[in-house]
Amino acid sequence: MPVMKKTFPISIAFIFGIGLTSGLLAQSTQDIVIPDYSAYILTPPAPETPRINSAKVFGVRPGSPVMYNIAATGVRPMTFSAKGLPKGLTLDAKTGFIRGTLKTAGTYRITLYASNSKGRNERELRLEVGDKIALTPPMGWNSWNCWGNAVSQEKVLASAKAMVEKGLINYGWSYINIDDGWQGKRGGKYNAIQSNRKFPDMKKLADDIHNMGLKFGIYCGPWVGTYAGHIGCESDNADGTYDWIKEGKHNENYKYVTPEDSLGNKVRKEHYHHGMYSFVNNDVKQWCDWDVDYLKYDWNPNDYYDTKEMYDALKTQKRDIVYSLSNSAPYADAPIWAHFTNCYRTTGDIRDNWKSIYDIGFAGQDKWAAFSAPGHWADADMLVLGIVGWGRNMRYTGLTPDEQYTHMTLWAMLASPLLIGCDMSRLDPFTISLLCNAEVNDINQDPLGVHAFRYYHSSEYATYVKQLEDGSMAVAMFNISSKPMTIGFIPNRFGFRGKLKIRDLWRQKDVAEINPDERFDTNVNPHGVAFMKIYPGNSRERITGKPTSK
Ligand code: GLA
């Protein structure tokens, strides 16, 4: 049964998010020129010896299926094992997939091992069984920036295959999320949204994705229609029918087709409003039957009532569904988003140009730092690397190589969810090098889970710092000007003591050993970044003896 909504806050939607609602078919990808950026690759090839890259902390609710992969690079065959794996979980020694359920809340400390003919590597995993999930920012792929409304089951499956075959799964990339465009009409056991004919079998798609060791995400919104013109979780009618579908204003996939008024003007967005009847519980039950792991819930302005309604519906389920709110979450309600969601989009839609990266990354994110932490991440929107185009104007990203380094570095520093937005089947070596730098990804996935803060910002450069769990610190020096610059820092300004090493994270190489009062300077390209780690952290030993000059 649908739920009659208790409140009905707005009858006319206020639209700030710019949804690309075109239903045009994706152009052929054959004619896209992929520039050869191989000379810009900094990430060294992964070593032959094993390196475990998966998150050091993982949260699951009691009784929910555990899906954690020991993601590792290194030559195959590789054998995985673990010490301290609690009863209820099993580890597949060949794939490294840990599965099962745990009934009792608590912290489990597990040592993970990966071995091959070249050596062995270990990493500690803190498994938190409790009410919090998404203890590190989700890493995965989303269909929107690439396929827009031209997404299909085939394309989603191809992306999942590419995530495995191109080795991204070995770096901890795991979610395969369908954005807008999968929805047909209501029906089935729960009178829930069924898929349209581009998605002939959602359960099979979910199974195929899970069998590859990946997780499955879906999209919806609480309006009667979504941005791309498909039905949402609400309806104007108690039986879950939609007027525009009854009136025949739709295409073969039940996508709203913009009609014209008597003057020949396009009547737009008549479906961008909340409905009288909510089918949230019906839809959530259906998603659980399909084994969904991630939900992007999208409308604007986000409000307390609808956010909490979905939160309550997800909470009662026996599986963990990452709850990702979208878009342009109002800052005045930041505590609400941090409390009820796992990720919340802070802005409108990202584009593949410097202005968009600058406006979202540098101008828009700082204020969210206090509300971003393990379990609830401020989301700076999906990555615009590789081939993007929203399904209708496919192209290689308009960002220069330096701007791409800035994009990836800043998103890692801001602890933003990392959702690849490109055609995964045509990933080029440069894009792979940006997505598969284990040391850079470790900064995003650091278990302390802090959002970087801006230590210094002028009109020409910006220095961000992010404390890490082991006491070390990531420092990103961004040149936001259009001329080359030298940027640096003095470690004692950040509170460091003792001899320090400076590690270039993109090159994965120590580049200096300095005293805390010495300045470290480096050249940074226009719109580029130097991404360093200062380590080790300060010693915890008692300091005795006469003061030194340092
Ligand atoms: C909005 C969102 C986008 C995407 C589209 C889908 O514009 O902000 O990320 O989900 O809707 O229609």
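The dialogue below treats sheets, hairpins, the ligand site, aromatic pairs and backbone geometry in turn.

Mentor: This is a predicted model, in which local features need pLDDT of at least 70 and side-chain atom pairs count only at pLDDT 80 or more, while totals for chains, interfaces and linings use all residues. Residues are numbered from 1 along each chain as its sequence is written, and side-chain values use heavy atoms, with hydrogens and water left out.

Trainee: What is the strand order of the open sheet of eight strands, and is its pairing parallel or antiparallel?

Mentor: Two definitions come first. Helices (H or I, at least four residues) and strands (E, at least two) are DSSP runs numbered from the N terminus, and two strands pair if DSSP finds at least two bridges between them. Here the open sheet of eight strands has the order E21-E20-E19-E18-E15-E12-E11-E24, and its pairing is parallel. Its edges are strand E21 (377-379) and strand E24 (418-420), each of which pairs on one side only. From one strand to the next, the twist averages 25 degrees; axes are lines fitted to C-alpha atoms, for helices over the stretch in contact, and angles run from 0 to 180 degrees between N-to-C directions.

Trainee: How many bridges join strand E11 to E24?

Mentor: Three bridges join strand E11 (residues 139-142) to E24, and the two run parallel. Within this pairing, Gly-140 stands opposite Leu-419 of E24.

Trainee: Which strands make up the open sheet of four strands?

Mentor: The order is E3-E10-E9-E6, with mixed pairing. Strand E3 (57-60) and strand E6 (79-83) are the edge strands, each pairing on one side only. The twist in this sheet averages 30 degrees from one strand to the next. Strand E9 (residues 106-116) and strand E10 (residues 119-129) run antiparallel and are joined by 11 bridges; Gly-106 has Val-129 in E10 as its bridge partner.

Trainee: Which residue in the turn between E7 and E8 has a positive phi?

Mentor: In that hairpin, which has five residues between the strands, Gly-96 has a positive phi of about 80 degrees. Three bridges join strand E7 (residues 89-91) to E8 in the antiparallel sense, with Leu-91 opposite Ile-98 of E8. Strand E8 (residues 97-100) is also joined by four bridges to strand E4 (residues 66-69), again antiparallel, and there Val-66 stands opposite Gly-100.

A hairpin is likewise formed by E13 and E14, with four residues between the strands, where Gly-188 takes a positive phi near 70 degrees. Strand E13 (residues 183-187) and strand E14 (residues 192-195) pair antiparallel over three bridges, and Gln-183 stands opposite Ser-195 of E14.

Trainee: Which residues come nearest to the ligand?

Mentor: A residue is near a molecule or strand if one of its heavy atoms lies within 4 Å of it. Of the 15 residues around the ligand, Asp-179, Asp-180, Lys-296, Asp-298 and Asp-349 come nearest. By class, this shell has six nonpolar, three polar and six charged residues. Here Ala, Val, Leu, Ile, Met, Phe, Trp, Tyr, Cys and Pro count as nonpolar, Asp, Glu, Lys and Arg as charged, and the others, Gly among them, as polar.

Trainee: At what distance does a polar side-chain atom of Lys-296 lie from an oxygen atom of the ligand?

Mentor: A polar contact is a pair of N or O atoms within 3.5 Å; within protein, one must be able to donate a hydrogen and the other to accept it, and residues adjacent in sequence count only if both atoms are side-chain atoms. For Lys-296, a polar side-chain atom lies 2.8 Å from a ligand oxygen atom. The corresponding value is 2.9 Å for Asp-298 and 2.9 Å for Arg-345. Taken alone the ligand exposes 300 Å², and the protein buries 100% of that; accessible areas come from the Shrake-Rupley method with a 1.4 Å probe, and for residues only the protein chains shown count as cover.

Trainee: How many aromatic pairs does the structure hold?

Mentor: A pair of aromatic rings is described by the distance of the centres and the angle of the planes. Rings of Phe, Tyr and Trp (its six-membered ring) pair if their centres lie within 6.5 Å; planes under 30 degrees apart count as stacked, over 60 as edge-to-face and the rest as tilted. The structure holds 31 such pairs. One of them, Tyr-344 with Trp-368, is tilted, at 5.4 Å centre to centre and 50 degrees between the planes. Tyr-344 lies in strand E20 (residues 343-345) and Trp-368 in the loop between helix H8 (354-364) and E21, so the pair ties together parts that are 24 residues apart in sequence.

Trainee: Where is the cis peptide bond that has omega of about 0 degrees?

Mentor: That bond joins Asn-300 and Pro-301, and Pro-301 is found in the loop between strand E18 (294-298) and helix H6 (304-315).
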